[in-house]
Amino acid sequence: MVHELKLFFTDYPRQICEMQGFRQSELPAGLMDQILDYRARSLAILEDAQIFRIDADAYWMMSELVNEMKRDGLDELYSQVQLPFPTMVIMPPLTAEDGIQRQNDGSVIGLVTQVEGDIYTQRFAIRQNTVGPSTCCMVTRGMKAEVVPTPTRGLFEAVCMPVPDGMIEDELAMNRNFLGAAVAIATLLRHDGMLEVQQVSLHPRHERRQAERSGKVLPATLITKIALGKSGRGQVEAMKADMSTGTREEIPRRTHWVRGHHMKSRSGKLVWRMPHLRGAGPLVPQLRHVTGSASARSAATTPQINDT
């Protein structure tokens, strides 16, 4: 998908103008300057983009953790976050018509870029090598967000392709999800075992072979696959146990995962408490002896309890 975005911006805005029967020379001069600057900046940040594909369980866990935090905690979390790469391409799982989340094939992606304290988030849709460009960019510093139209929105209006308000709202909702996933990845990667990171090919072997038989060559693109680590799996187990009704009170649990959470330290800083096993280890039988003191064995003597 980064390859498709590079091709799109290399040819931008010619393809949109030709689709509507406009020449680039007919665009307002000020708008064309904005378009060319946007094209140059987009191509530059795509050179350093790292792709993150998130599996369904890891995405659920990260989304729940972000959704459960109070606003003051979120503001501190988002303000202090440092993304692992200046530009992250976020590929969350997609919900199909049957309601089941499946692996993202690259049809909807988020482009998240951090420049000092500001984070810029955009949504792109890619279907059959055709790019649905971003019409707005969400700029955030902590929880303070500003919505900035991209030059593409002005381009659409100039070539008589008005953008409905509902489309902007949908795009912003996706941007919030992309940003939350990027912040959660950056936060949880600092704690061993929460997330499992693996470098894999964007296109599985069978896709590459099928493309070769049809005379196409798929780009050799490596992506970072994000899945649950051991502690992350324990976190999900604990979170789902907390959500189930009545089980915690009715069924005594010996060994179980206690969920991790963000908390304030004594110094007032926001820290992450790792999920951990409670009640782990072998059950050691105990034999209790009640004896009296050696000097007095009367009934008034206070008993002593010794565990062996």
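**Close-up 1. Lining of the largest pocket in a predicted model.** The largest pocket has 20 lining residues; E4, D105, N129, H203 and L218 lie nearest its centre. A pocket is an open set of points on a 1 Å grid over the protein atoms alone, with protein on both sides within 12 Å along at least five of seven lines. Lining residues have an atom within 4 Å of a point. The pocket holds about 580 Å³ of space. Volume here is the space filled by probe spheres set on the points, with grid points joined across faces, edges and corners. Helix 1 and strand 6 (118-127) each supply at least two lining residues. Helices (H or I, at least four residues) and strands (E, at least two) are DSSP runs, numbered from the N terminus. The lining divides into seven nonpolar, seven polar and six charged residues. Ala, Val, Leu, Ile, Met, Phe, Trp, Tyr, Cys and Pro count as nonpolar, Asp, Glu, Lys and Arg as charged, and the others, Gly among them, as polar. This is a predicted model: local features need pLDDT of at least 70, side-chain atom pairs count only at pLDDT 80 or more, and totals for chains, interfaces and linings use all residues. Residues are numbered from 1 along each chain as its sequence is written, and side-chain values use heavy atoms, with hydrogens and water left out.

**Close-up 2. The second largest pocket.** Its volume is about 400 Å³. Of its 19 lining residues, V66, Y78, R176, N177 and G180 are the closest to the centre. Two or more lining residues come from each of helix 4, helix 5 (71-80), strand 8 (136-141), strand 9 (144-149) and helix 7. Helix 7 gives the most, with six residues. The lining comprises 12 nonpolar, six polar and one charged.

**Close-up 3. The largest cavity.** A cavity is a set of grid points where a 1.4 Å probe fits but cannot get out. The count comes to one cavity of 30 Å³ or more. The largest cavity has a volume of about 70 Å³. Its lining is formed by M62, L65, V66, M69, L77, V183, A184, T187, L188 and H262. Helix 4 (56-68) and helix 7 (165-188) are the elements that give two or more of these residues. The largest share, four residues, belongs to helix 7. Eight lining residues are nonpolar, two are polar and none is charged.

**Close-up 4. Helix 1 and L5.** Helix 1 spans residues 2-10, and its buried residues are V2, E4, L5, F8 and F9. Seen down the helix axis, these fall within an arc of 155 degrees, so they line one face. The arc is that of the directions from the helix axis to the C-beta atoms. L7 and T10 are exposed on the other side. Buried means under 20% relative accessible area, exposed over 50%, partly exposed in between (1.4 Å probe, protein chains only). L5 is buried, at 0%. Beyond neighbours within four places in sequence, L5 is in contact (heavy atoms within 4.5 Å) with L46, I109, F124, I126 and V131.

Close-up 5. P13 lies in the loop between helix 1 and helix 2 (14-19). A cis peptide bond joins Y12 and P13, with omega about 10 degrees. E116 sits between strand 5 (108-115) and strand 6. Its phi is near 55 degrees, positive in a residue other than glycine. E116 is exposed, at 73% relative accessibility. C160 sits in the loop between helix 6 (151-158) and helix 7. Phi of C160 is also positive, near 65 degrees. C160 is exposed, at 56% relative accessibility.
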